[in-house]
Amino acid sequence: MHLTDTSAAAAAASSFSHPIPSPAAAPPCAACKILRRRCVEKCLLAPHFPPSEPLKFTTAHRIFGASNIIKLLNELPERDRADAVSSIVYEANARIRDPVYGCAGTVFMLQKQAAELQAQVARARADLIHVQTQHTNLLAVLMASSSMQTSAGHLPATDSPGFFYDGYAGDDSSGDGSVWEAFMWA
């Protein structure tokens, strides 16, 4: 009888005492903490939603729901789960920012921005070609001018570099024809 009394007393004492937490027990993952459930050792969500990032799970849970997230992760191989969680969290954040279009709105905006930048690059290339052409024509005029000064003083029409000048040619004080006039009428 003495044995029964001690075992009953021990059972009663253990039911009132608080369990001693094991030192190796990890804190529950953010998902289990938010869902208020016990985080088991092989928790499917623990590797992807650490306790330090509760907002990550809260956002995904608000848009997709915990059961859908768990179902999706169960269907994927383990190597693809991290990318899937990253995508889920990104899409949830985009849907919160833009409830109508979500991440499709972001994709559309980025495509539009890329098209505008491509148009700017095309305009810059056209401007560069224009400036290079002007530079080449200016060098041709300068070379023709320097050759005129060293030679007899006028440029034959056959040596014209094809430069077209539609501005004011200036006054012709030398009397033997302007360099600009030779190019204008060639």
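Is Ser86 buried, partly exposed or exposed? With a relative accessible area of 47%, Ser86 is partly exposed, because buried means under 20% relative accessible area, exposed means over 50%, and partly exposed is what lies in between (1.4 Å probe, protein chains only). We will come back to Ser86 in the views below. Please keep in mind that this is a predicted model, in which local features need pLDDT of at least 70, side-chain atom pairs count only at pLDDT 80 or more, and totals for chains, interfaces and linings use all residues. Residues are numbered from 1 along each chain as its sequence is written, and side-chain values use heavy atoms, with hydrogens and water left out.

**Figure 1. The whole chain has seven helices and zero strands.** Helices (H or I, at least four residues) and strands (E, at least two) are DSSP runs, numbered from the N terminus. Along the sequence, the pattern reads α-α-α-α-α-α-α. Of the 186 residues in the protein chain, 19% are buried. Contact here means heavy atoms within 4.5 Å. Among contacts between residues at least 6 apart in sequence, 40% join residues at least 24 apart.

**Figure 2. The largest nonpolar core has 17 residues.** A nonpolar core is a set of buried Ala, Val, Leu, Ile, Met, Phe, Trp, Tyr and Cys residues joined through side-chain atoms within 4.5 Å. Ala31, Leu45, Phe49, Phe57, Ile69 and Leu73 are the residues with the most contacts inside this core. Two or more core residues come from each of H2, H3, helix H4 (66-75) and helix H5 (81-97). H5 provides the largest share, four residues.

**Figure 3. H4 and H5 pack at an angle of about 150°, with their axes 10 Å apart.** This pair is therefore roughly antiparallel. Axes are lines fitted to C-alpha atoms, for helices over the stretch in contact, and angles run from 0 to 180 degrees between N-to-C directions. Angles under 35 degrees count as roughly parallel, over 145 as roughly antiparallel, 65 to 115 as roughly perpendicular and the rest as oblique. The crossing of H4 and H5 is right-handed, that is, the near helix is turned clockwise from the far one by less than a right angle. On the H4 side, Ile69, Leu72, Leu73 and Asn74 meet Arg81, Ala84, Val85 and Ile88 of H5. By class, this contact of H4 with H5 has six nonpolar, one polar and one charged residues. Ala, Val, Leu, Ile, Met, Phe, Trp, Tyr, Cys and Pro count as nonpolar, Asp, Glu, Lys and Arg as charged, and the others, Gly among them, as polar.

**Figure 4. H3 and H4 pack at an angle of about 100°, with their axes 7 Å apart.** The two helices are therefore roughly perpendicular to each other. Phe57, Ala60, His61 and Phe64 of H3 make the contact with Ala66, Asn68 and Ile69 of H4. Sorted by class, the contact of H3 with H4 has five nonpolar, two polar and no charged residues.

**Figure 5. H3 and H5 pack at an angle of about 70°, with their axes 8 Å apart.** That makes H3 roughly perpendicular to H5. From H3, Lys56, Thr59, Ala60, Arg62, Ile63 and Phe64 meet Val85, Ile88, Val89, Glu91, Ala92, Asn93, Arg95 and Ile96 of H5. The residues of the contact of H3 with H5 divide into eight nonpolar, two polar and four charged. Here is Ser86 again, which lies in helix H5. Ser86 and Ala60 are 26 residues apart in sequence and 9.9 Å apart in space, C-alpha to C-alpha.

**Figure 6. His48 lies in the loop between helix H2 (30-35) and helix H3 (54-64).** His48 is buried, with a relative accessible area of 13%. Apart from neighbours within four places in sequence, His48 is in contact with Lys56, Leu73, Arg81, Ala82 and Val85. Arg81 sits in helix H5 and is buried, with a relative accessible area of 14%. Not counting residues up to four places away in sequence, Arg81 touches Leu44, His48, Leu73, Asn74 and Leu76. Arg81 and Pro47 are 34 residues apart in sequence and 9.5 Å apart in space, C-alpha to C-alpha.

**Figure 7. Arg36 has a positive phi of about 55° although it is not a glycine.** Arg36 lies in the loop between H2 and H3. Arg36 is exposed, with a relative accessible area of 78%.
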